[in-house]
Structure formats: structure tokens, C-alpha cells
Amino acid sequence: RYRYLTCTCTMNVVAVAVCVSVVLKLTSSEQRYNTLWPLPQMYLVEPTGDAVLLGSGFKIEASGYSSEVLDRAVERYSAIITQNEAGRKFASSCANSTTTINKLYVNVTSKDESLVVNTAYNYTLMVDQGDASITATTIYGAMYGLETFSQYSDNGCFNYTSLMIQDYPQFKHRGLMIDTGRRFFPLELVKNLLDAMSYLKMNVLHFHFSDLCQFSVESMQYPELTSALEQYYTQQDVKDLIQFARDRGIRIMPELDVPGHARGMRPLADNNLIQYCTSGQTELYNDPGNTTLGTIQKLLSEMINLFQDEYFHLGCDETVVAGNCTLERITDLESSLLNHIGSIRTPVGWEEVVFNSKAATSKTVVEAWSRHTAAEVIAAQYHAIEASGRHFYLNNKPGFKTCWLNIAPNFTDDQLSMLLGGEMSMWTDNYCRSRECLDAGGTLPVAHWMYDKKYNNIFTQSVGGMIWPRGIVPAGAFWHFSDTVDPTSDSFVITVFAQNKRMEKRGIIVCPDGCVCDELHRCGIPYQQ
């Protein structure tokens, strides 16, 4: 908890990457500052009354049907809520309380455990004197209720005598994209990010697994894709990550990025299974004999079956019309692949698939990231995800004010029905061994030396510090944006840093409060090469 935070900045008052913070501790009368994050949709009963005790045998009890996924969530949150009870040193706010919460009852009304785009995450949390309960439509909404309860619990106390929250997400898609097609993300880092996402009520990990540096997922159909790599995800790794994510209410949406950004697939060209454009080995050529098309269709079918998600992302960004890769051939290849995905799943692509190649099918979901907005995508009659590079590319180090964005400004109900939500991204261009993993030439990326496997631990610390606390802000905007919230206010900054501290306490790799972190530094101290 924090009372006030001041920054000395070279850019703006909340630019995390360039400010040094001075954090002052709360006075005893201010210990219960309401730092719940994301902001709930509504308080049916405002938090009132003194803090109350959590019983020494506090227990979470789920009623209704048996669920292994919910049981594991209860186990996790029981540990989180009671983690400070060794020796039971109560905060002064509840040391003399005569009211005790001994049980938190969890009631789930639906047996549907499917995790899809339209999964219900709503919940109601009620605390009244010593009674506490969560009611949710699904087990995933119940998990969010547990997260909210845990944020109000500290040092054997629950911060209020009474409250009632009715909560649900403003948007269906609340995502984080990680770029493993350039620099490999160690499994423990991915799991750490998934844990962090669950604490922020995020529900989609966009897994960008192929790009200019590598194809990072094992293929049984084409094992040569990973045979020369030091690090990649086995198919069992992927299955384990999917289960780990599902236990936290998170879908993993895979992306195989073609026809551009395909340099990581060169082993297939060595075996004459794909062809590249004559302009270079970065973009696939839609050859007249359909060699490239046939291979990528087989690869897509394998990856779709492996990941199992309702959505599959094809990329389709930053293609170049050059040499034998004409616009017509690019469009035909993308259309054929999108239709192939569409026969099994819902295809997704970056904005160029609508505004450049115009290859998007009627089923294609489109991510706006550069020159266009979600509103423009919707105007073109496609479902949209807002992934603005200016606001949500965390590798560009946006400040809090930039990240706190209304992704649906003045949208009509019809427009809102076409907007799935928002997504932030952590691209790893600055960690490539060379510029975009090309063989030679160009200025080396600032953290190029971290590409090596032996620096996995340092890379993990670096990426964690780049994402959090910065990513806490858009996560909140995707759950419940309010234009009455001022991202430059003391209360906003206090709340974000309180959430960062909470996550750090739970083991999340963050940039600690009072620190400056970038690719090469943590708290002003350079990582050692």
C-alpha cells in the first residue's frame, strides 16, 4: 500500500520507463486504501466498516458439483490468502476485531467448463459481518471472485466488515501477446506471465510462435523446423501450458505468422517443401505448383489440432510486393490459408489482411495495430481486437497515461458487438542475436547478447521488468475502462503500484516499486553479460 508517489521524469509524469519514484508508506489510518485492480463494474454495497479477522482455520468451500479445475484454484487462493498467517501477526486494523470470517463459500451455477470466446466470467462477492460468499456462472468467474477476495485480504485480516461487488468484464478478449518467434521464452517465464495474467483477470495469451528467428514449436509432420534449435517447445510442453493456462481461465491463441515474417521456416525450404520470394528468404512465395500452399496447410492442420483453441492467428502482416511475389499471389495465398483455418477454427490476422492484401474472409477476426484502429476494422465489417502499437506495445515502454485507453470511444451498440476487446504485446526484436535475426548487417539490437540460452535467467528478469507494472494499466482498461479515472492522479498511480507490489509478493517477476527497468537494467543496475 502507498500513500503518495512522486516521479522525476524526462518525458511525462507517468512514464514508467523514465521516472524514478519515491514511495512513502501509508500512515496507520490509511492502511485500508482501496487498491482493488482491475476496477469492478459496480459496488452494490460500498466497502464499509472496520477490518475483520480471517479465522485461524479459514477455509474456502466450493458447493455444487465437483470440479478438479476449481479445486486447484481453491488450493492456490487458500495459499495466497493465508500466506501471511505464520505466527498470525494481525494488522492493527483488525487485531481487536470481534468479527471473524471462517469460511468463504463458492457457488457455481453452471457445469459448463468449456473455455471459449464467450465464456462467462461474471461473479458476485458478498461479505457481511462474518459471512462471505462468491456466486458465479462458471468456475472461471469463481476464480475472479477469489482473486477479488484475496486482494482485500492481508495479514490475517479482511479489509472491510461489509461489501457487495457485482463484476464482469467489459470485453471478451483481454490479451497479452508474447513473441517467441524471435527470442524463446523459457517455460517458467511463460507460466509466471500466466499467473500474473490471472491476477489481472486477463484471459488470452496470444502465443506468437513463428517469425524471422525461429519456428519455436515442435512439429511431428516437419521435425526439421526445430531440429537445429537449442530451445523450442515440445508438443508436450504446449499441452502442459494449455492446461496450466486453463486452470487460470486463460486461453492460448496460437499464431503461425505467414506469408511474411517466415525466415524461421528456412529448414522447409532446404527440403524443397516451401519457396521464398526472389526478393529474399523472409516471405513465402505462392508458387504455381502449390508446393508452399500444400506444406503450410499441412502444418496449420497439425498446429490447430495441437493448440485446440477456438481461434488461430495467421499473421499476414508486413508482406512486401516485390520480385515474383505480386499482390495477387500474396492475396491468393493468404485467402487460401484463411479459408483452410476457417474450415476448422476462426481465423485471425493483423490489420493488413483487410487494408493491404484484402484477403480476409467473412469469418476473419482482425487485430488493429499500426495505421488503423478497431473502429476502422469494424467499419469494414470485421470483428476487431484493438492492439494499438502506440498504446499497447510494451517493448516501446509506453507510460501509464498512454496505456489507459478507451478502446471503444463513443461506440454504438452495433460497434460494441463487433469489438472483442484489447491486447498488449511484448515483442522481442531488441533481444534478437542480430537485427531481425538476419545473417549480417545493421546495428545490433540493444539486448542481442541475451538471445543465447545461457542468459535465460537474465532474459526472464528483463522481460518481466519490461511488462510489469506497465501492463497492469491496459489490463485494467480491458476489464473496466472509466473516463472518470485520471491516469496521472496520485490515486491511480498508488493503485497500480499496490497491484505491482501484490504481484511481486506472489512471485511475479516485476520491475520493483521505486525502480527503473529496461532491457539492459533492473533498478538502474545493468544485467551482467
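Predicted model: local features only at pLDDT ≥ 70, side-chain atom pairs only at ≥ 80, totals over all residues.
The contact can be followed residue by residue. From α1 come Val69, Leu70, Ala73, Arg76, Tyr77, Ile80 and Ile81. On the side of α2 they meet Ile139, Tyr140, Ala142, Met143, Leu146, Glu147, Phe149 and Ser150. Of the residues in this contact, twelve are nonpolar, one is polar and two are charged.

Phenylalanine 58 lies in strand β4 (residues 52–63). Among its contacts, with neighbours within four places in sequence left aside, are Ile81 and Phe149. Isoleucine 101 is 43 residues from phenylalanine 58 in sequence, while the C-alpha atoms of the two are 7.1 Å apart in space. Is phenylalanine 58 buried or exposed? Its relative accessible area is 10%, and because buried means under 20%, phenylalanine 58 is buried.

Another residue to look at is aspartate 195, placed in helix α3 (residues 187–199). Its relative accessibility is 18%, so aspartate 195 also counts as buried. Which residues does aspartate 195 touch, not counting those up to four places away in sequence? They are Phe244, Arg248 and Ile508.

Terms used:
Residues numbered from 1 in each chain as written. Heavy atoms only, no water. Contact = heavy atoms within 4.5 Å. Helix = DSSP H or I, 4+ residues; strand = E, 2+ residues; numbered from the N terminus. Nonpolar A, V, L, I, M, F, W, Y, C, P; charged D, E, K, R; others polar. Buried < 20%, exposed > 50% of the residue type's maximum accessible area, 1.4 Å probe, protein only.
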